[in-house]
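Please keep the sequence and the structure in view while reading.

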Amino acid sequence: MERKRRIAILGSTGSIGTQTLDVIRQHRDKFEVELLTCNSSVDLLAQQAKEFDANNAVICNEVLYPELSNLLENTDTKAFAGIKSVCDLVASDNVDIVVGAMVGFSGLKPTLSAIDAGKIIALANKETLVAAGGIVTSEAQKHNAPIIPIDSEHSAIFQCLLSAQGNKIAKIHLTASGGPFRTWDKDRIEKATKDDALKHPNWNMGAKVTIDSSTMMNKGFEVIEAKWLFRQPVSKINVIIQPESIIHSMIEYEDGAVMAQLACPDMREPIQFALGFPERMPLDNKKMDFAELGSISFFKPDMDKFPCLGLAYEAIGRGGNIPCVMNAANESAVAAFLRDRIGFYDIPHIISECMEKAEAIKEPTLDDIFMTNAVVRRMADAMIEKMER
């Protein structure tokens, strides 16, 4: 790298955000922090801004702005509030790479602002491509804004494709751990609590993403992401359970050869790859020990036990705004499950009902996407309220 890359982290206090900062911590000579944002973890945001001497910090929950301003009063970091501030600051000439680590639909607007400014997008926020994949990828192409995936699965595919040299892909194999309920029967899963669902066997993630993993909606999202990122039809995207989370994904060529990317389950590896691309740098992490590993196993996903995966295939098959409908319903349902308002299998039920009832728009505009999200969230919330009665 000729000079330090200036990084903006959207969602710096979450799982991906804190691990991104750990990567930067290990490579202060290569990266500097320009912008940090979060929704409401004001103390941690201020602490991060001080440690990394960030130029700007934004608290999206505007009520907390006075607190952030006081915490940063005697520093060089400028405090801001609200999503509009995030959108304005990511477009700054002082930003080279925007790490999209916000969780949920809220990540769409600032990501599009960064794309419109031609920034490199290191994307971890799944919902951006799930809800508006066609619009986002079209804008990225228009503004010459590269999207480098941070998801371990899509990073693996991206890394494998570097050796493709223009050869056609026969199939993408997206691997999945199977989550905490892989070995449970359906009757037991039906009684699962949020505490059960939050016990992921391999990864340490935020609550929303962990629940999505337990329902396998997370993998459904990744199917949709893969379609847009790698411009492949869904018929070429296969999901396979790989419980050890060692093979992060694979690509298969027309001659039957399969390329895989392997690493210990540590999100810092794909984060660092995205930030430093095309350079690979040392990382203080656990390295592969194949003798210790012993074996790697594979299983087909059970669509009956995990209907959310099937709903994702249905949503992208129908196209238009239906993936946005699915995402909005899922966000409401997962939030309700985390508050003990509904049961585990109520999540796919709510998603399915919303996909059936919501207005389908074949070629949605960005305004249509935001309207769909708002309407379906209200629809799902009304269903949840009735379930509680």
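The axes of helix α5 (residues 108-116) and helix α17 (residues 366-388) come within 12 Å of each other and cross at roughly 165 degrees. The model is predicted: local features need pLDDT of at least 70 and side-chain atom pairs count only at pLDDT 80 or more, whereas totals for chains, interfaces and linings use all residues. Residues are numbered from 1 along each chain as its sequence is written, and side-chain values use heavy atoms, with hydrogens and water left out. Helices (H or I, at least four residues) and strands (E, at least two) are DSSP runs, numbered from the N terminus.

Two packed helices are described by the angle between their axes and the distance between the axes. Axes are lines fitted to C-alpha atoms, for helices over the stretch in contact, and angles run from 0 to 180 degrees between N-to-C directions. Angles under 35 degrees count as roughly parallel, over 145 as roughly antiparallel, 65 to 115 as roughly perpendicular and the rest as oblique. Helices α5 and α17 are therefore roughly antiparallel. Their crossing is right-handed; the term applies if the near helix is turned clockwise from the far one by less than a right angle, and left-handed if anticlockwise. Leu108, Lys109 and Leu112 of α5 make the contact with Leu366, Ile369 and Phe370 of α17, contact meaning heavy atoms within 4.5 Å. By class, five of these residues are nonpolar, none is polar and one is charged (Ala, Val, Leu, Ile, Met, Phe, Trp, Tyr, Cys and Pro count as nonpolar, Asp, Glu, Lys and Arg as charged, and the others, Gly among them, as polar).

Helix α14 (residues 307-318) packs with α16 at an angle of about 20 degrees, with the axes 10 Å apart, which makes the two roughly parallel. The crossing of α14 and α16 is left-handed. Residues in this contact include Leu311 and Arg318 of α14 and Ile351 and Met355 of α16. The contact has eight nonpolar, one polar and two charged residues.

How are the strands arranged in the open sheet? Seven of them follow the order β4-β3-β2-β1-β5-β6-β7, with parallel pairing; two strands pair if DSSP finds at least two bridges between them. At the edges lie β4 (78-81) and β7 (147-149), each pairing on one side only. Neighbouring strands are turned by 20 degrees against each other on average, direction ignored. Within the sheet, six bridges join β1 (residues 5-10) to β2 (residues 31-38), and Ala8 has Leu35 of β2 as its bridge partner.

Elsewhere, β10 (residues 247-253) and β11 (residues 258-262) run antiparallel, joined by five bridges. Ser249 stands opposite Gln261 in β11. Four residues lie between the strands of this hairpin, where Gly256 takes a positive phi near 95 degrees.

The structure also holds eight aromatic pairs (rings of Phe, Tyr and Trp, its six-membered ring, with centres within 6.5 Å; planes under 30 degrees apart count as stacked, over 60 as edge-to-face and the rest as tilted). Phe181 and Phe344 have ring centres 5.2 Å apart and planes at 90 degrees, so this pair is edge-to-face. The two residues are 163 residues apart in the chain.

Most residues other than glycine have a negative phi, and most peptide bonds are trans. Asp53 has a positive phi near 50 degrees and is found in the loop between α2 (42-52) and β3 (56-59). A cis peptide bond, with omega about 10 degrees, joins Phe277 and Pro278.
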